[in-house]
Amino acid sequence: MNRISQWFLAERDSTSVDDRKFIRERILTVVLIGAAILGLAAYFVNARVAIQQGTWGWLLIYTLAFGWVCAIAFVRRIPYEFRATNMLIILYALGIVSTIQYGAAGDSRIWFLGAAILASVFMGLRFGLISTLITTATYLSLGWLMANGQIN
């Protein structure tokens, strides 16, 4: 048994902080570029619907979010922590917007889940757990507000 625990400890110690930071930066870059590419299609679909419905506020929100994703995806001089934190904030904000716009039937659960998972990947387990608690509390609070007629 001791030999197995030493094997796991050796694995954990062999990955230095610099290696983990490099891996996290690479994952962040891939996620951001993927978000920019896939976000382009989502942006045009949502923009078309917002224009047809005349909901200019939603169009502005989606435009700002997509523009910000592109900025943090392609401007490499922005520090890692700022890029990662902003990516998580965008996912969280899109979860809130989706909940308000579409209710429980929308895709807000995916935005919130993505924020919690990526918080763990980019910032570590403790930050991921805190993010999970915050997104869960937000989702439940918005649901309660909608059920009580405070938000339509």
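Before the first stop, a term: rings of Phe, Tyr and Trp (its six-membered ring) pair if their centres lie within 6.5 Å, and planes under 30 degrees apart count as stacked, over 60 as edge-to-face and the rest as tilted. Now select Tyr43, Phe44 and Phe66, which form one aromatic cluster.

Some ground rules for the tour. This is a predicted model, where local features need pLDDT of at least 70, side-chain atom pairs count only at pLDDT 80 or more, and totals for chains, interfaces and linings use all residues. Residues are numbered from 1 along each chain as its sequence is written, and side-chain values use heavy atoms, with hydrogens and water left out.

**Stop 1: a ring pair**

The structure holds five aromatic pairs. Pick tyrosine 92 and phenylalanine 112: their ring centres are 5.8 Å apart and their planes sit at 50°, so this pair is tilted. The pair joins distant parts of the chain, with tyrosine 92 in helix H4 (residues 80-102) and phenylalanine 112 in helix H5 (residues 108-123), 20 residues apart. Helices here are DSSP runs (H or I, at least four residues), numbered from the N terminus.

Are these two buried or partly exposed? Buried means under 20% relative accessible area, exposed means over 50%, and partly exposed is in between (1.4 Å probe, protein chains only). Phenylalanine 112 is buried, at 5%, while tyrosine 92 counts as partly exposed because its relative accessibility is 26%.

**Stop 2**

Colour H5 next. It has 16 residues and reaches 22 Å from its first C-alpha to its last, close to the 22 Å expected at 1.5 Å a residue. The expected span is 1.5 Å times one less than the number of residues. Its buried residues include Ser108, Phe112, Ala115 and Phe122. What covers the buried residues of H5 includes H2, H4 and helix H6 (125-147).

Now hop to H4. Its 23 residues should span 33 Å, and its end C-alpha atoms are 32 Å apart, which agrees. Just after H4, glycine 103 takes a positive phi of about 75°.

**Stop 3: valine 69**

Select valine 69 in helix H3 (residues 56-74). Valine 69 is buried, with a relative accessible area of 8%. What is valine 69 in contact with, leaving aside its neighbours within four places in sequence? Contact means heavy atoms within 4.5 Å, and the answer is Leu32, Ala35, Ala36 and Ile90.

**Stop 4: helix H2**

Go to leucine 40, found in helix H2. Leucine 40 counts as partly exposed, at 38% relative accessibility. Neighbours within four places aside, leucine 40 is in contact with Ala35 and Phe66. Draw a line between the C-alpha atoms of leucine 40 and phenylalanine 66: they are 26 residues apart along the chain, yet separated by 7.5 Å.

Glycine 34 is in helix H2 too, and is partly exposed at 25%. Its C-alpha lies 8.9 Å from that of alanine 73, 39 residues away along the chain.

At 33% relative accessibility, isoleucine 27 counts as partly exposed.

Definitions and conventions
Helices (H or I, at least four residues) and strands (E, at least two) are DSSP runs, numbered from the N terminus.
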